[in-house]
Amino acid sequence: MGSKEKAGLPSGKANLYPEHLDLRIYPDPVLRLETSPVILFDRELCDLLENMLGFMKAHRGIGLAAPQIGIARRIVVADTGQGPLKLVNPEIVTQAGGEIMPEGCLSLPGSFARIRRNTHVEVKARDVRGKPFRFEAVGLLARVLQHEIDHLNGKLICDYNPPDHAGDQP
Ligand SMILES: [Zn+2]
């Protein structure tokens with residue numbers, strides 16, 4: 001995997017986010033933390049979202065939430081083949097339909113759970129500059145967004161059904 005080097009930040013400026021992302025695997029406690037909304041829309045947030053997309057693709061993911069890289073903030077990226085999405089403080093505002101499908105998660109390698117999700121959702125979020133926007137998603141993208149927003153609330157696929165390797169189940 002080729003890594004692209006970025007110019008270092010000017011010294012003396014504290015970066016809120018790590019430069020090197022590290023995938024957190026269940027039962028890492030950060031996956032259960034309550035996340036805070038982003039209030040500062042700066043260059044570092046922009047860089048983080050770009051890094052998260054690259055990281056997600058390198059891991060062959062179609063969605064990634066900030067707690068999965070150890071950041072307890074309400075940030076999600078996704079790409080189901082219709083183009084990259086960067087969502088800050090996303091919220092589902094309407095939902096409809098229902099479908100049960102098997103689902104995996106980068107933070108629970110090798111586990112799958114059959115989960116009932118809405119087939120249509122409307123999401124509101126902010127872009128990297130803090131501008132609010134809304135959009136509708138159906139099918140796989142709707143499922144991915146529900147999965148990633150679950151991460152922001154500390155909820156994982158193993159909370160729906162015991163995963164296939166149920167070593168951590170009580
Ligand atoms: Zn996940």
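Reply: Helices and strands are taken here as DSSP runs, of at least four residues (H or I) and at least two residues (E) respectively, and both are numbered from the N terminus. In these terms, Arg 60 belongs to the loop between α1 and β1. The model is a predicted one.

The sheet itself comes first. Five strands form an open sheet in the order β1-β2-β3-β6-β7, with antiparallel pairing. β1 and β7 each have a single partner strand and stand at the edges, so one side of each is left without a neighbour in the sheet. On average, neighbouring strands of this sheet are turned by 40° against each other, direction ignored. In general, the strands of a sheet pair through backbone hydrogen bonds, in either a parallel or an antiparallel sense.

Strand β6 covers residues 120-126 and pairs with β7, residues 132-138, in the antiparallel sense over 7 bridges. Within that pair, Glu 136 in β7 is the bridge partner of Glu 122. β6 also pairs with β3, again in the antiparallel sense, over 6 bridges. There, Thr 94 stands opposite Glu 122 in β6. The β6 and β7 strands form a hairpin with 5 residues between them, and Gly 130 in the turn has a positive phi of about 95°.

A helix accompanies the other end of the strand order. α1 lies across β1, β2 and β3 and runs at about 45° to β2. The nonpolar residues follow from here. The largest nonpolar core has 30 residues, of which Met 52, Ile 75, Val 76, Val 77, Ala 78 and Leu 145 touch the most other members. At least two residues of this core come from each of α1 (43-58), β1 (63-65), β2 (75-78), β3 (85-96), β6 and α2 (139-152). A second, separate core of 5 residues includes Leu 31, Cys 105, Leu 156 and Ile 157.

Val 77 is placed in strand β2. Because 25 other C-beta atoms lie within 10 Å of its own, Val 77 is buried; the cut-off for a buried residue is 20 or more. Neighbours within four places in sequence aside, Val 77 is in contact with Leu 49, Met 52, Leu 53, Met 56, Leu 64, Pro 84, Leu 85 and Lys 86. Asn 51 is 26 residues away from Val 77 along the chain, and the two C-alpha atoms are separated by 10.0 Å. With the same exclusion of sequence neighbours, the contacts of Val 76 are Gly 63, Ala 65, Leu 87, Pro 90, Glu 148 and Ile 149.

Some backbone details complete the account. In strand β3, Asn 89 has a phi near 55°, a positive value in a residue other than glycine. Asn 89 counts as partly exposed because it has 19 C-beta neighbours inside 10 Å. Arg 60, in its loop between α1 and β1, likewise has a positive phi, of about 55°, although it is not a glycine. Arg 60 has 7 C-beta neighbours inside 10 Å and therefore counts as exposed.

Notes. Residues are numbered from 1 along each chain as its sequence is written. This is a predicted model: local features need pLDDT of at least 70, side-chain atom pairs count only at pLDDT 80 or more; totals for chains, interfaces and linings use all residues. Two strands pair if DSSP finds at least two bridges between them. A nonpolar core is a set of buried Ala, Val, Leu, Ile, Met, Phe, Trp, Tyr and Cys residues joined through C-beta atoms within 7 Å. A residue is buried if 20 or more other C-beta atoms lie within 10 Å of its own, exposed if 12 or fewer, and partly exposed in between; C-beta atoms are placed from the backbone. Two residues are in contact if their C-beta atoms, placed from the backbone, lie within 7 Å. Axes are lines fitted to C-alpha atoms, for helices over the stretch in contact, and angles run from 0 to 180 degrees between N-to-C directions.
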